[in-house]
Amino acid sequence: MSGRLEGVSNNPGRSAAPGTPAAGRMPAEPAFSRSEMMIAAAARELAGKRVCFVGVGLPNIAVNLAKRTVAPDLELVYEAGVFGAEPARLPLSIGDPTIVTGSTAVMSMFELFAYYLQRGLVDVGFLGAAQIDRYGNINTTVIGDYSHPTTRLPGSGGACEIAIHARDVFVIMRQARRSFVERIDFRTSPGNLGGPDGARIRREGGWNGRGPSVVVTDLAIYHFDDETGEMRLDSLHPGATLEQVRAAMAWEPLLAETPGATPPPRGEELRLIREELDPQGIYTK
């Protein structure tokens, strides 16, 4: 599968090469990258959500796209201590001064975590991962043995608290066998823990969150099965196949009864991503 997916025609049931519409057909949608597919799919999952804890990179673009499309009332919360942000440009880091633009409140990190997140006032926490298992447990700490790792990763930051206390957790990451693993090397952020007992463990621990709700990759969209707590493949992106999904994970995926097809990014979504949210293509190319 190439790094770019074919454009889809506006005329149902037909397709054409981008920029070369056949006579009598509507112009084809422009081609889109895997990252743009992930961003559009993740943004749509935010429909109806109100408060979202977000970091930089692909999650930031997805959340800002949702605010401009399916979730206009979405309040953006950044770890540095900013609530209700409307960044004037793409933030380069969590401490970028642009994240305070138009914000409702600016406070210390302690106040943000204690009075908003730990109080249960955040609807969705958006996380990335270096490794994830079938139950949505996340590793962003080390690859290999903790004492002598082959790779030391950035660590938790606020991710563990977000995974515990945000009402829902969304994960956006590229899919590969080395990242979709049978057993993560270190549990930085808890998902459904060992499976169906995850809800009980969370409840007994006094955690506010329900755990992971959705994982969006460059191949598919996954939700979580209520009975097993396991990631379930619900939708394949344009151009992706079940064989490619299986080859890019270390376990046999749980499948929806009839996995659907993820709608490709619409023209307006691509325009917003390319012209307003990431015009330099820092994260999307």
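Helices (H or I, at least four residues) and strands (E, at least two) are DSSP runs, numbered from the N terminus. The model is predicted, so local features need pLDDT of at least 70 and side-chain atom pairs count only at pLDDT 80 or more, while totals for chains, interfaces and linings use all residues. Residues are numbered from 1 along each chain as its sequence is written, and side-chain values use heavy atoms, with hydrogens and water left out.

**View 1. Asp 123 in the loop between helix H3 (109-117) and strand E7.** Asp 123 is buried, with a relative accessible area of 13%, where buried means under 20% relative accessible area, exposed over 50%, and partly exposed in between (1.4 Å probe, protein chains only). Apart from residues up to four places away in sequence, Asp 123 touches Lys 49, Arg 50 and Val 51, together with Ala 166, Arg 167 and Asp 168; contact means heavy atoms within 4.5 Å. The side chain of Asp 123 reaches the backbone nitrogen of Arg 50 at 3.0 Å, a polar contact being a pair of N or O atoms within 3.5 Å in which, within protein, one must be able to donate a hydrogen and the other to accept it, and for which residues adjacent in sequence count only if both atoms are side-chain atoms. Asp 123 and His 165, which are 42 residues apart in sequence, lie 9.2 Å apart in space, C-alpha to C-alpha.

**View 2. The largest nonpolar core, with 35 residues.** A nonpolar core is a set of buried Ala, Val, Leu, Ile, Met, Phe, Trp, Tyr and Cys residues joined through side-chain atoms within 4.5 Å. Leu 46, Val 63, Leu 74 and Phe 126 touch the most other members of this core, to which H1, H2 and H7, as well as strands E3 (51-54), E4 (75-78), E7 (124-127), E12 (168-172) and E13 (212-216), each supply at least two residues. Beyond its neighbours within four places in sequence, Phe 126 is in contact with residues including Ala 42, Leu 46, Cys 52, Val 63 and Phe 170. A second, separate core of 33 residues includes Ile 162, Ala 163, Ala 166 and Leu 233.

**View 3. Strand E13 and the strands that pair with it.** Of the 5 residues of E13, 5 are buried. E13 pairs with E12 in the parallel sense over 4 bridges, and with strand E14 (residues 220-224) in the antiparallel sense over 3 bridges; two strands pair if DSSP finds at least two bridges between them. Ile 172 has Val 216 of E13 as its bridge partner, whereas Val 215 stands opposite Tyr 222 in E14. E13 and E14 form a hairpin, with 3 residues between them.

**View 4. Helix H7 (residues 267-277) and the segment after it.** The buried residues of H7 are Glu 269, Leu 270, Leu 272, Ile 273 and Leu 277. Seen down the helix axis, these buried residues fall within an arc of 160°, so they line one face of H7; the arc is that of the directions from the helix axis to the C-beta atoms. They pack against strand E2 (32-33), helix H1 (34-44) and helix H2 (58-68). Thr 284, in the segment after H7, counts as buried at 3% relative accessibility. Leaving aside neighbours within four places in sequence, Thr 284 is in contact with Ser 33, Ser 35, Glu 36, Ile 39, Ile 61, Ile 273 and Asp 278.
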